[in-house]
Amino acid sequence: MVCLLGIDIGTSACKTALFDTQGNVLASSTQSYPLFHPHPGWAEQNPEDFWDAVCRSIKEVLGISRINPASIAGIGVDGQSWSAIAVDGEGRVLCPDPIWMDNRAADICRSMDPELRERLIRVSGNPLTANYVTGKLLWYRENLPDVYKNTAAILQSEGYINYRLTGRFTMNRGEGYGFHCYDIAGGTWDLSVCDDIGISADILPELFDGSDIIGRVSAEAAKETGLCEGTPVAAGSVDSACAPLGAGVIHPGETQEQGGQSGGMSICVSEPTPDSRLILCNHAIPGRWLLQGGTVGGGGVIRWAASEFGRYEETLAADTGLSVPAQFDIEAAKAPAGSDGLIFLPYMSGERTPIWDPDAKGVFFGIDFSKTRGHFLRAAMEGVSYSLLHNLNVAAESGAKVTLMSATGGCANSRFWTQMKADMTGIPVSVPESDNASGLGAAILAGVGTGVYSDFDDAVSRTVKEKRRHEPTPGMKEVYAANYEKYLKLYDSLKELMHA
């Protein structure tokens with residue numbers, strides 16, 4: 001049997017899955033690792049924890065499946081975006097990795113010359129904010145000069161795993177958007193920008209397309225993982241590019257709706273047209289780009305609610321067989337659409353698109369004695385959905401046309417929440433059969449790179465299957481419209497107080 005291995009380096013865990021050529025999961029393993037917040041606004045992880053989780057998960061997958069590792073035709077890795085893993089010439093990690101939600105460089109980014117900031121948008125297609133890699137490199141230069149001086153390469157999360165597998169420093173073009181010295185249209189480094197912002201070009205890795213085979217599993221990596229020495233490794237891509245691929249989003253207008261820890265959407269477009277309110281990155285597929293909206297408040301909102309307010313549901317879980325989120329669905333459905341005017345702003349750790357405000361805060365507005373537990377739960381789901389609608393509307397202003405959304409992530413398991421998003425946006429939502437779109441997308445890259453699939457259309461036609469579809473309920477978009485306008489006005493009214 002020919003197999004493909006997909007490794008997904010997420011924010012909370014590594015998920016490794018072994019796929020057959022039809023996209024079916026033969027075995028999977030999830031291994032978690034910690035996230036540290038040593039100071040307000042900081043969020044960092046230890047890349048060594050990523051590698052340890054990868055090794056454990058691969059061994060477990062091989063044990064569960066009992067396949068011969070020689071059957072694995074190729075390996076693809078995807079990872080969380082905007083890492084800044086500083087390694088020396090021997091590949092040793094020099095400091096913790098500030099991840100995508102880290103805001104330590106906010107002041108540095110705010111202080112940059114406005115004309116230079118505009119130039120960075122024109123080159124990279126993205127605004128300069130603390131979440132991106134650029135600000136983190138400038139922060140290293142100012143606050144960790146020894147780390148900056150000894151850095152041989154800045155790697156992304158999947159780039160670090162690829163280094164541990166192959167011994168080679170590389171980066172895929174899908175991750176280029178985190179660096180404002182990356183030419184989003186040409187797919188190359190713009191070294192003149194490096195000079196302008198004061199970043200050494202020597203630390204920039206070699207660039208590859210996601211399906212390029214960048215090396216093979218080394219003898220040392222084979223010993224640590226149980227893989228066969230010489231197994232091909234593809235360059236892979238950022239998780240937000242692999243998930244659309246694994247959901248079948250490869251043609252312009254097709255859109256992936258993300259419902260993991262964070263939320264958002266990725267619209268496939270044929271031209272790199274930047275909008276400073278949104279995120280623009282290379283698709284995992286050459287010649288395609290993704291216009292993205294990313295909200296910090298996604299499934300993490302419900303995970304937070306379950307942790308802080310779900311103890312009653314936890315006591316029922318054993319008796320009912322329903323998870324806490326599933327019980328939340330039932331409770332939330334008792335409240336009417338619009339939650340009787342209760343509105344939630346899902347800015348639980350600042351917010352990314354389209355407001356780009358690291359100081360934004362979560363808010364419940366409209367509380368009175370009539371509001372029930374169900375109102376609060378429904379309002380939380382609606383708030384996350386309003387953030388999706390906000391991003392879609394901004395994308396529409398930029399000319400992006402969305403014909404269908406493919407829902408991925410844990411939130412897609414909620415029929416109630418998925419139907420809410422279809423109703424609120426007026427766009428049909430398809431739910432793929434695979435609940436591991438990112439890992440499947442990474443595996444597809446390896447499959448195309450090794451010739452298992454003739455091209456991306458062949459790969460998607462063989463691996464991506466629809467599990468169910470949610471059509472918008474007539475009239476419901478108008479029901480949500482009034483609360484949506486209040487949702488927008490709430491932030492505008494409160495942002496100065498949030499900043500204070």
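Mentor: Happy to! A residue is called buried when its relative accessible area is under 20%, and partly exposed when the value lies between that and 50%. Keep in mind that this is a predicted model. By that cut-off Cys181 is buried, because its relative accessible area is 2%.

Now for its sulfur. A disulfide is a covalent bond between the sulfur atoms of two cysteines. The cut-off used here for such a pair is 2.5 Å. The closest cysteine sulfur to that of Cys181 belongs to Cys194, at 3.8 Å, so the two are too far apart for a bond. Cys228 is in no disulfide either, as the nearest cysteine sulfur, in Cys3, is 12 Å away. With a relative accessible area of 25%, Cys228 counts as partly exposed. Searching the whole structure gives zero disulfides.

In soluble globular proteins, nonpolar side chains tend to be buried together. Here the largest nonpolar core has 91 residues, and Tyr140, Phe179 and Leu245 touch the most other members. Helix H15, residues 437-450, supplies the largest share of this core, with seven residues. Look at Tyr140 in particular: beyond its neighbours within four places in sequence, its contacts include Ala84, Cys95, Pro145 and Ile154. Another core, of 36 residues, lies apart from the largest one, and Cys14, Ile75, Ile161 and Phe208 are among its members.

Note on methods: Residues are numbered from 1 along each chain as its sequence is written. This is a predicted model: local features need pLDDT of at least 70, side-chain atom pairs count only at pLDDT 80 or more; totals for chains, interfaces and linings use all residues. Side-chain values use heavy atoms; hydrogens and water are left out. Buried means under 20% relative accessible area, exposed over 50%, partly exposed in between (1.4 Å probe, protein chains only). A nonpolar core is a set of buried Ala, Val, Leu, Ile, Met, Phe, Trp, Tyr and Cys residues joined through side-chain atoms within 4.5 Å. Helices (H or I, at least four residues) and strands (E, at least two) are DSSP runs, numbered from the N terminus. Contact means heavy atoms within 4.5 Å.
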